[in-house]
Amino acid sequence: MIKDVGAALDFALNKGFQIHPDALKVLEQIDVKDLENIIKQVVREKEKQRLYLISQKDLEVFLGISEDEVIDSDHEIIFDPTPKIASAEGVAGFNALFANRFSKLKKIVSNRPESKMLKQISAVMSVKSKDEIYVCGLVTDRKTDRSVTRITLEDNTGLIETIVLDENLKDVAASLLMDQFVMEKIVASKNGGFIVKDIILPDIPDHAPNRSRTEAYALFLSDMHIGSKYFMEKEFSEMISWLSSQDPIARKVRFVVIGGDVIDGVGIYPNQDRELVAPDTATQMKMLFEALDKIPKHIKVFVSPGNHDPGRRALPQPAIPAKYSPDMWGRKNFFMVGNPAMISLNGVKVLIFHGQSIDDIVKTTPGLSYDNPAKVMQYLLKARHLSPIYGAQTPIAPELEDLMVIDDVPDIFHTGHVHVIGLDLYRGVLLVNSGAWQSQTPFQAGVGVTPTSAVAVLVNLKTFKVYTKDFAPKAN
């Protein structure tokens, strides 16, 4: 085995480093494809410290694999929309949905000191005070004309048009999403309008994340699209086999979190049948179960649906119905949840959302792109809502309660949908978009999307260190 690590060790030795014999024992357990990259990163860190001995502890700290006698694998499903879905009908249903959205988000901002000065829009419109006042509502219109941005807000009492003239506020105003909740500080102008002095979003507070007591890893996956001829079956199988290996990180994986589009589905887009190897949903779901069934039984698997999966397409989505895959529901370490869902893994709160609304936000917001999904995820956290825009590409059901509001601040926010890995940290919340296990499709090639395919994203729930393992075929 020492021969396999030779190339990686040569790099360190040529840099003047010594390798402690105990460190070799760790290196011998790591996939040889990852060795050189790991050694280079450890060497760079040690050079900063001017320490030229690489020890077992150095590697364990870098990989987050210090040994615990017992690795915890506790879980709790904090929120699952499946039992709470109670759709209303027509206009009355959507009125109820948006009234509940407004109420929930107003409650979230009620902790801010400015909320004590909030006025209802009808009161502001009837008595124009010269003092600075606060209003809040959902954005129903936003127009920019030269140097002026006009924002129309609606609360449960009426509408108000406000004008943004302050250069420091224009970027914030331009980034507001339709139907997003906003609080504004305004003052009446001499011409009869209302000038915006400040724009306040619900946002999340700075957050100290919960952490696992022991070194347990969670593996984040999404967008396998099983049933498509572009599904990377070989690479996915290698990843599943790796979970049973003696790799020091694989041995510590206790959770797999899957964020939707587990199968490619049927009739999702025109001429899809030409790109399928499995022509019906039942066959695709059987293939999914056969693939996931190889995951070791000590690992807990959480499956949330996406827009390609069977069941309701409108948000929020219930869990994939049992009639489509009774085997998935029948396995003891499998947990089927809706979209979105909040789960706790060793006390770490994970918000799972497939991410359909990313499409709407990228298309309507300057400066955002599919290449940086973590930036879009920040917008959702700032809005405290997973799908604020109504009437665009993302279907939203007229629920009596808006289950897409982010009531509880997560420790990890996991999305998929765009097939591009995105990682970031926002106010203490780890953002993870987990890429895909489907190679580039003709549609993606046509629109210039290059997916991040066959790369596993793992998070050490104790240290929050993110580790990626690439299973994609290497170019010759």
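Helices (H or I, at least four residues) and strands (E, at least two) are DSSP runs, numbered from the N terminus. The model is predicted, so local features need pLDDT of at least 70 and side-chain atom pairs count only at pLDDT 80 or more, while totals for chains, interfaces and linings use all residues. Residues are numbered from 1 along each chain as its sequence is written, and side-chain values use heavy atoms, with hydrogens and water left out.

An unreviewed UniProt entry gives residues 219-416 as "domain: DNA polymerase alpha/delta/epsilon subunit B"; UniProt positions are in the numbering used here, feature names are shortened, and annotations may be inferred rather than shown by experiment. This span is 23% helix and 16% strand, and its end C-alpha atoms lie 13 Å apart.

Two prolines follow cis peptide bonds. Leucine 315 is joined to proline 316 with omega about -5°, and proline 316 sits in the loop between strand 11 (300-304) and helix 10 (326-330). The bond from asparagine 339 to proline 340 is also cis, with omega near 10°; the loop between strand 12 (334-336) and strand 13 (341-345) holds proline 340.

Positive phi values come next. Histidine 225, not a glycine, has phi of about 55° and belongs to the loop between strand 9 (217-221) and helix 8 (233-242). Histidine 225 is buried (under 20% relative accessible area, with exposed over 50% and partly exposed in between; 1.4 Å probe, protein chains only), at 3%. Arginine 384 has a positive phi near 55°, lies in the loop between helix 12 (373-383) and strand 15 (412-415), and is buried at a relative accessible area of 5%.
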